[in-house]
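Please examine the sequence and the model shown here.

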Amino acid sequence: EDVDSLCTLATPVTHDGVTADAPDAARCFMRWLQQGMADGSIAFNESGALVHFVSEGMLLVSPRVFKEFATRFGEDGRGRSPPPGPAGVGEDRDAGKSIQRQVLRAGWHVRSEKGVNILTYQVTRGGRALSQLSGVLIRNPECFVNPVPPANPLLVPLVRKSGAQTQQGQHGMSA
């Protein structure tokens with residue numbers, strides 16, 4: 001893909017709190033998602049997908065979706081990444097962190113009641129909890145994806161009780 005055309009096409013969106021003053025890298029990331037979901041190169045709502053739609057919004061599986069973008073386009077969406085630490089230490093582990101920060105700075109996401117940016121969903125099948133999926137939940141996905149796909153019925157918000165116990169709940173988060 002042509003990085004410059006991808007980022008040039010990432011035009012500002014102004015709708016329901018999505019502002020034109022979002023960082024360029026965040027808009028470039030969202031444009032990549034838009035194009036990828038439209039052309040089928042980015043799967044959604046299926047096992048192993050980087051994106052899932054839930055009733056509360058669009059769940060971007062973290063850190064995987066951000067690492068994928070950074071690997072292909074650099075942390076800034078233009079093929080450039082910040083210099084690695086000493087002798088490349090932690091380079092792969094940190095891939096995608098900068099672009100994730102830029103998306104969070106845009107303010108498009110939902111935070112938990114305690115201000116946490118990464119939310120967790122329970123993957124269920126036949127009423128049984130199978131695994132968990134964590135990510136950045138983008139509210140108002142219609143600002144980025146049209147039409148918005150139906151919610152993945154296998155994902156429900158994970159609601160934490162006091163202590164180490166967890167339970168699944170249908171309405172544990174507000175959008």
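The model is predicted: local features need pLDDT of at least 70, side-chain atom pairs count only at pLDDT 80 or more, and totals for chains, interfaces and linings use all residues. Residues are numbered from 1 along each chain as its sequence is written, and side-chain values use heavy atoms, with hydrogens and water left out.

Reader: Which residues are buried in helix H3?

Author: Helices are DSSP runs (H or I, at least four residues), numbered from the N terminus, and H3 covers residues 64-73. Buried means under 20% relative accessible area, with a 1.4 Å probe and protein chains only. The buried residues of H3 are Val65, Phe66, Phe69, Ala70 and Phe73.

Reader: How many residues apart are phenylalanine 29 and phenylalanine 66?

Author: Rings of Phe, Tyr and Trp (its six-membered ring) pair if their centres lie within 6.5 Å; planes under 30 degrees apart count as stacked, over 60 as edge-to-face and the rest as tilted. This pair is stacked, at 5.0 Å centre to centre and 20° between the planes. Phenylalanine 29 is in helix H2 (residues 24-39) and phenylalanine 66 in H3, and their separation is 37 residues.

Reader: Which residues do ring pairs link into a cluster?

Author: Tryptophan 32 and phenylalanine 73 form an edge-to-face pair, 6.4 Å centre to centre. The cluster consists of Phe29, Trp32, Phe66, Phe69 and Phe73.

Notes:
Buried means under 20% relative accessible area, exposed over 50%, partly exposed in between (1.4 Å probe, protein chains only). Helices (H or I, at least four residues) and strands (E, at least two) are DSSP runs, numbered from the N terminus.
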